[in-house]
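Try each task before reading its solution.

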Amino acid sequence: MKLLEPSRIGTMEVKNRVVMAAMGAHGLHEPDGDWGDRFLAYYGARAAGGVGLITTETTFVSQALEPFTKGLFSIASDKHLASMRRLADLLHSHDSRLSIQLTAGFGRVIPPPVVPEGVRPVSASVNNNYFLPDDPELVARAITTEEAEALARSFGYAAMRCREAGADCVELHGHEGYLFDQFMTALWNRRTDRYGGSRENRLNFAREAVAAIRREAGADFPIIYRYGLTHYLEGGRDVEEGLWIAQELEKMGVSALHVDAGCYETSWWPHAPQYQPPGCMVEMAEKVKGVSSLPVITVGRLHYPEVAEKAVAEGKADFIAIGRGLLAEPEWVNKVQRGKRDEIVFCVSCHEGCLWQMIAGQPTSCALNPSCGHEIEWPLVPLKKKRSLLVVGAGPAGIEAARAGTARGFDVTLWEASDRFGGNLRPASRPDFKRDIQEYLHYLERLVRRLPVQIQLGKSATAGEVLSFGADYVILATGAKMESAPFAAGENNKILTAVQVLNGTEPQGKRVLVMGGGVIGCETALYLAGQGRQVTLTTRRDADQLSAELFDHNNRFMLLNLIKAAAIDVLPQTMPARVENDGVVVSQGSVEKKIGVDSLVFAGPLIAENSLSKSLGKGSDNIFSIGDCVEPDRIMGAVWGAFNLVREIENMQREP
Ligand SMILES: Cc1cc2nc3c(=O)[nH]c(=O)nc-3n(C[C@H](O)[C@H](O)[C@H](O)COP(=O)(O)OP(=O)(O)OC[C@H]3O[C@@H](n4cnc5c(N)ncnc54)[C@H](O)[C@@H]3O)c2cc1C
Ligand SMILES: Cc1cc2nc3c(=O)[nH]c(=O)nc-3n(C[C@H](O)[C@H](O)[C@H](O)COP(=O)(O)O)c2cc1C
Ligand code: SF4
């Protein structure tokens with residue numbers, strides 16, 4: 001595979017074409033910001049997994065203008081630099097290379113909670129804060145010429161320190177509308193000094209930073225520049241300017257271009273949701289390759305090996321960067337190398353275990369792989385004595401309990417009521433735009449077959465059977481079911497639930513009314529619109545609350561855009577009043593109106609399926625419930641609930 005062939009970035013040789021994309025890992029820092037054992041174990045696992053070049057999270061070159069960075073790694077600290085040396089040595093021991101991502105800072109996208117009182121944010125020009133544009137305290141002031149000069153110079157010192165500590169290259173964090181990008185972009189840079197005015201001048205900040213690195217870290221020290229080809233934003237960069245920038249960066253002397261897109265306002269590009277196609281930015285990399293002779297790195301949902309290989313084999317990019325895919329599967333490269341695609345855990349692009357854990361100050365982790373970021377704290381310790389474990393339900397929670405259970409040495413039996421594995425992942429994975437969930441479902445099906453587990457499909461467990469089985473431990477993972485519509489159908493029609501539709505029952509006719517503005521209602525509406533149906537979506541919510549429970553705004557905003565693009569007629573603050581044979585009467589406040597439809601789909605709430613747990617009653621200290629049967633949630637709740645219970649179960653173990 002071309003993907004696994006060695007290549008070079010400037011003077012740096014890399015053993016394969018796989019780069020770990022930079023991802024914030026602040027929750028893994030020591031209290032003083034140092035990179036301790038947890039931080040090293042996290043990166044070390046990805047290096048051991050075969051990644052050629054590992055990029056760290058952003059490191060600030062200076063804290064002079066944004067003193068919000070307490071508790072962060074400091075390039076100026078000798079103690080911290082010793083840790084960088086340890087990291088470099090560790091990565092080198094796996095023949096991986098270390099790239100330190102250097103940032104100029106946040107500028108107008110600084111999150112308000114990290115701005116200390118009395119400190120004024122900065123930007124290339126006076127710019128409102130992205131998060132709280134109406135807060136006068138947060139309006140960024142324009143950096144002075146002298147401050148800009150000093151900040152650009154800091155890149156030289158920082159890169160020199162990185163090189164001293166054994167880093168193989170640096171990456172400049174020039175994309176996604178951060179401070180570097182604010183200097184480069186007319187929308188945010190209205191300066192009249194040498195850092196603004198013309199598009200050439202807007203690149204002077206980057207020019208001086210690159211020159212400083214060349215001066216202080218050496219002409220042969222590789223510099224990767226990460227930037228967005230276009231912002232997909234009115235007034236932001238267009239592709240033409242993006243291609244011109246690529247040529248200018250080459251003239252500046254950078255060694256490789258890492259091509260991204262978007263900014264905070266269009267975050268479904270730099271933080272691609274599950275609705276983006278795999279390899280969503282490969283075409284942009286290809287365009288850049290057309291105007292530059294530098295090695296080009298492409299990024300964005302490249303965790304499917306065939307997509308990554310195609311990008312490199314077709315010459316659209318020289319390297320592929322994977323971010324989240326390596327959180328879900330640290331052994332990604334090794335498994336690809338050994339032809340074990342079937343054993344790869346593919347990221348589902350939810351951002352719930354990575355981005356949102358990071359924002360919460362927790363270790364950057366993964367919904368599907370709780371061990372990520374907890375490599376040291378959360379081991380699955382082998383049992384001291386053989387124990388039996390009965391797991392009831394083979395959705396993601398039950399399968400994860402079985403996986404973690406066998407890893408610890410439990411004698412595991414798994415009962416599943418239906419004839420198939422996966423529980424609600426089956427309806428969840430039905431639409432084409434939920435390919436990630438399909439891949440995860442298939443992975444779980446293959447995994448459970450490989451595990452040393454006694455499996456019984458078609459076994460709907462009763463309380464009596466569970467008790468008479470006599471396992472040392474019982475885990476109930478019986479999931480959730482969708483509520484039926486709380487009103488009657490007409491004589492000539494019936495009301496399907498969204499889960500029935502997604503499980504394959506076809507609604508009749510072309511005109512479908514989907515009732516329910518939660519994420520399942522929105523996705524079902526989109527799925528039906530994709531079949532060429534004319535879809536109306538009613539919700540009792542306000543218009544701006546559509547799919548509001550979708551935790552990750554990147555996924556949510558893209559879903560809302562897709563709904564708009566699919567011309568789904570959304571009726572907010574609308575309740576179905578009664579069903580008639582040729583349609584539905586809905587009420588919007590005191591007004592009633594009739595909608596002519598051929599079919600009705602109810603996307604109601606999921607209700608915990610806890611009847612087994614109720615009939616087993618209280619009083620057993622060896623019976624536990626996990627996942628949606630406790631409270632309907634998401635895959636992350638199911639997997640983490642299962643993992644953490646099984647991980648800790650020995651601590652609760654009764655003496656024999
Ligand atoms: C349409 C839809 C779309 C979704 N999309 C997403 C998404 O994009 N991302 C996300 O993170 N989450 C999504 N979810 C939520 C996610 O699917 C659930 O959170 C997850 O499946 C819960 O896992 P679980 O194992 O707890 O339960 P389930 O998946 O419900 O599995 C429970 C299993 O237990 C079995 N069972 C029940 N009773 C018994 C019994 N007595 N004996 C034996 N077996 C029994 C059932 O047959 C079932 O197989 C979606 C859910 C739905 C319905
Ligand atoms: C938790 C998290 C933190 C991130 N932090 C950074 C960062 O510090 N610097 C950066 O350039 N990109 C950052 N990104 C973006 C990733 O580098 C990457 O571009 C993005 O996740 C898309 O690639 P993927 O689909 O392979 O994950 C972050 C992404 C995630 C999920
Ligand atoms: S938490 Fe979700 S998006 Fe993040 S790495 Fe895991 S599966 Fe991917």
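**Exercise 1. How far apart do the C-alpha centres of domain 1 and domain 3 lie, and which residue classes make up the side of domain 1 that touches domain 3?**

Step 1. The C-alpha centres of these two domains are 40 Å apart, with domain bounds taken from an automatic or database domain assignment.
Step 2. Ten residues from domain 1 and eight residues from domain 3 form the contact (C-beta atoms, placed from the backbone, within 7 Å).
Step 3. On the domain 1 side, five are nonpolar, four polar and one charged. Nonpolar covers Ala, Val, Leu, Ile, Met, Phe, Trp, Tyr, Cys and Pro; charged covers Asp, Glu, Lys and Arg; the others, Gly among them, are polar.

This is a predicted model: local features need pLDDT of at least 70 and side-chain atom pairs pLDDT 80 or more, while totals for chains, interfaces and linings use all residues. Residues are numbered from 1 along each chain as its sequence is written, and chains are lettered from A and ligands numbered from 1 in the order in which they are written.

**Exercise 2. Which residues are the closest to ligand 3?**

Step 1. Ligand 3 is surrounded by 14 residues (C-beta atom, placed from the backbone, within 6 Å of it).
Step 2. The closest are R324, C347, G353, C354 and C366.
Step 3. Sorted by class, this shell holds nine nonpolar, three polar and two charged residues.

**Exercise 3. Is I320 buried or exposed?**

Step 1. I320 has 29 other C-beta atoms within 10 Å, so I320 is buried (20 or more within 10 Å; exposed means 12 or fewer, partly exposed in between, with C-beta atoms placed from the backbone).
Step 2. Beyond its neighbours within four places in sequence, I320 has contacts including L3, V18 and L302.

Technical notes: Contact = placed C-beta atoms within 7 Å.
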